[in-house]
Amino acid sequence: MKTAVITGANKGIGFAIAKSLGIKGWHVIIGARNKERAETAVTKLQEAGVSHVDYVLINLSKIETIEEAVKKIQQDFSTIDLLVNNAGIPGGHGSSLTESIEDLQTTMQVNFFGTFQLTQGLLPILEKTMVVS
């Protein structure tokens, strides 16, 4: 059975990806910032016919939750075949010249640095299943 980690999978596109893969027999691990929303998503996926689903709490704006998620995934799952970096935030809606530095930093943390850190942390597990030709 193949395993996928999908960030931002408690709703929207991430949830749809988890559902699609799960129905096809994949083990899906949904990443979510909130325990209650993650548990609700797991229940909905199970009701939709996804038999192998787990969740991990991860907030890409908080470095410590990324580190905790990487450790949990490394401890609980021997291999990962796919990482879908779906989580993201749109940032401010004004001109970039009028955005506050705090808003820009948060957006960059979630959409770039957090995603990079998660990918970097999970790379050793992902490399176990990589096929090099």
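Student: Which residue forms a salt bridge with Asp76, and how many salt bridges does a search of the whole structure find?

Tutor: Side chains of opposite charge can pair when their charged atoms come close. In this predicted model, Asp76 pairs in this way with Lys72, and their closest N and O atoms are 2.7 Å apart. A search of the whole structure finds one salt bridge.

Student: Is Asp76 buried, exposed or partly exposed, and what is the relative accessible area of Lys72?

Tutor: A residue is called buried under 20% relative accessible area and exposed over 50%, with partly exposed in between. Asp76 has a relative accessibility of 41%, so it counts as partly exposed, and Lys72, with a relative accessible area of 36%, is partly exposed as well.

Student: Where does Phe77 lie, and is Phe77 buried or exposed?

Tutor: Phe77 sits in the loop between α3 (63–76) and β4 (82–84), and because its relative accessible area is 14%, Phe77 is classed as buried. Sequence separation and spatial separation can be read side by side here: Phe77 and Lys2 are 75 residues apart in sequence, while their C-alpha atoms are 11 Å apart in space.

Student: Which helix holds Leu45, and why does Leu45 count as buried?

Tutor: Leu45 is part of helix α2, which covers residues 35–47, and Leu45 counts as buried because its relative accessibility is 0%. Between the C-alpha atoms of Leu45 and Ala16 there are 9.5 Å, although the two residues are 29 residues apart along the chain.

Student: What is the relative accessible area of Lys24, and where is the place of Lys24?

Tutor: Lys24 is found in the loop between α1 and β2, and its relative accessible area of 64% is why Lys24 is described as exposed.

Student: In which strand does Asp54 lie, and how far apart in space are Asp54 and Ala38?

Tutor: Asp54 lies in strand β3, made of residues 53–57, and with a relative accessible area of 33% it is partly exposed. From C-alpha to C-alpha, Asp54 and Ala38 are 8.9 Å apart in space and 16 residues apart in sequence.

Student: Which residues form a nonpolar patch on the surface?

Tutor: The patch is formed by Met108, Phe112, Phe113 and Phe116, which together have about 410 Å² of accessible area. Taking one of these residues as an example, Phe113 is located in helix α4, residues 101–129, and at 44% relative accessibility it counts as partly exposed.

Student: How much space lies in the largest pocket, and which residues lie nearest its centre?

Tutor: The largest pocket holds about 400 Å³ of space. Its lining is made of 21 residues, and those nearest the centre are Gly8, Lys11, Arg33, Ala87 and Gly88. The elements that contribute two or more residues to this lining are α1 (12–23) and β2 (27–32), and the largest share, three residues, comes from α1.

Student: By class, what residues does the lining of the largest pocket have?

Tutor: The lining of the largest pocket includes eleven polar residues, seven nonpolar residues and three charged residues.

Key. Residues are numbered from 1 along each chain as its sequence is written. This is a predicted model: local features need pLDDT of at least 70, side-chain atom pairs count only at pLDDT 80 or more; totals for chains, interfaces and linings use all residues. Side-chain values use heavy atoms; hydrogens and water are left out. Patches are made of residues with over 30% relative accessible area and no salt bridge: like charges are joined within 9 Å, nonpolar side chains (Val, Leu, Ile, Met, Phe, Trp, Tyr) within 5 Å. Accessible areas come from the Shrake-Rupley method with a 1.4 Å probe; for residues, only the protein chains shown count as cover. A salt bridge is a side-chain nitrogen of Lys or Arg within 4 Å of a carboxyl oxygen of Asp or Glu. Helices (H or I, at least four residues) and strands (E, at least two) are DSSP runs, numbered from the N terminus. Buried means under 20% relative accessible area, exposed over 50%, partly exposed in between (1.4 Å probe, protein chains only). On a 1 Å grid over the protein atoms alone, a cavity is a set of points where a 1.4 Å probe fits but cannot get out, and a pocket is an open set with protein on both sides within 12 Å along at least five of seven lines; lining residues have an atom within 4 Å of a point. Grid points are joined across faces, edges and corners, and a volume is the space filled by probe spheres set on the points. Ala, Val, Leu, Ile, Met, Phe, Trp, Tyr, Cys and Pro count as nonpolar, Asp, Glu, Lys and Arg as charged, and the others, Gly among them, as polar.
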